[in-house]
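Student: Can you walk me through reading a few features here? I would like the general idea, then the case at hand.

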Amino acid sequence: MKNQVFYSVLMTIFFVTVGLGTYVPVEAVAAPPKNLQVFPKNTTKKVLKKKMKKMAAALDVQCDYCHNTRKMEEDTKHKKVARDMLRMTAAINKANFKGKDRVTCLTCHNGQKEPK
Ligand code: HEC
Ligand code: HEC
């Protein structure tokens with residue numbers, strides 16, 4: 001009986017240790033971005049997703065407005081425009097706001113695909 005308890009404790013320790021050892025963050029498993037030209041190449045999925053959600057919200061669109069959702073790295077017409085817009089927005093902030101994110105997609109778009 002005593003041996004059985006000892007054995008189960010040992011197994012628990014073993015599995016917890018193995019479990020922790022093989023734990024890999026989801027981000028490392030998912031494929032890294034393939035076609036970043038504006039954001040740094042090593043931008044994490046988490047950061048990228050946050051930025052993407054902000055852009056989509058600013059224009060009140062879904063991901064598929066800019067993406068072929070079966071191939072996110074593919075460049076579409078709107079994705080290319082969005083890239084130019086990212087560069088423009090960064091330039092405005094650099095020239096006028098010491099590089100702080102004061103002007104954003106939302107500033108002009110305010111929930112519209114084409115600002116009025
Ligand atoms: C307004 C256009 C726009 C919308 C909406 C948008 N994206 Fe993007 N997305 C881009 C642009 C532009 C890039 C490329 C950025 C660069 O070149 O640095 C990109 C890149 C990506 C990438 C990297 C792909 C690769 O492998 O290179 C992922 C992943 C991604 N977007 C996910 C999303 C998700 C998820 C959503 C919806 C929540 C979304 N995007 C909505 C414009 C958009
Ligand atoms: C300084 C104002 C301004 C900012 C900031 C801005 N945009 Fe734009 N955007 C415009 C204007 C104006 C148009 C319409 C251009 C046209 O009709 O030729 C436009 C058009 C677009 C289009 C094309 C829409 C269509 O109907 O084809 C996309 C996509 C877009 N912007 C994405 C973005 C994203 C993403 C951001 C943030 C990174 C952003 N824009 C920031 C002013 C802005």
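Student: Where is Asn 110 found?

Tutor: Helices are DSSP runs of H or I with at least four residues, strands are runs of E with at least two, and both are numbered from the N terminus. Asn 110 sits in the segment after helix 5. This is a predicted model: local features need pLDDT of at least 70, side-chain atom pairs count only at pLDDT 80 or more, and totals for chains, interfaces and linings use all residues. Residues are numbered from 1 along each chain as its sequence is written, while chains are lettered from A and ligands numbered from 1 in the order in which they are written.

Student: What about the phi of Asn 110?

Tutor: Most residues other than glycine have a negative phi. Asn 110 is not a glycine, yet its phi is positive, about 45°. Asp 60 also has a positive phi, near 55°. Asp 60 lies in the loop between helix 3 and helix 4.

Student: Why does Asp 60 count as exposed?

Tutor: Count other C-beta atoms, placed from the backbone, within 10 Å of the residue's own: 20 or more is buried, 12 or fewer exposed, in between partly exposed. Asp 60 is exposed because it has 12 C-beta neighbours inside 10 Å. Asn 110 is exposed too, with 12 other C-beta atoms within 10 Å.

Student: Which residues come nearest to ligand 2?

Tutor: A residue is near a molecule if its C-beta atom, placed from the backbone, lies within 6 Å of it. Of the 16 residues around ligand 2, the nearest are Val 81, Ala 82, Met 85, Cys 105 and Cys 108. Helix 3 (45-59), helix 4 (77-96) and helix 5 (105-109) each give two or more residues to this shell. Helix 4 gives the most, 6 residues.
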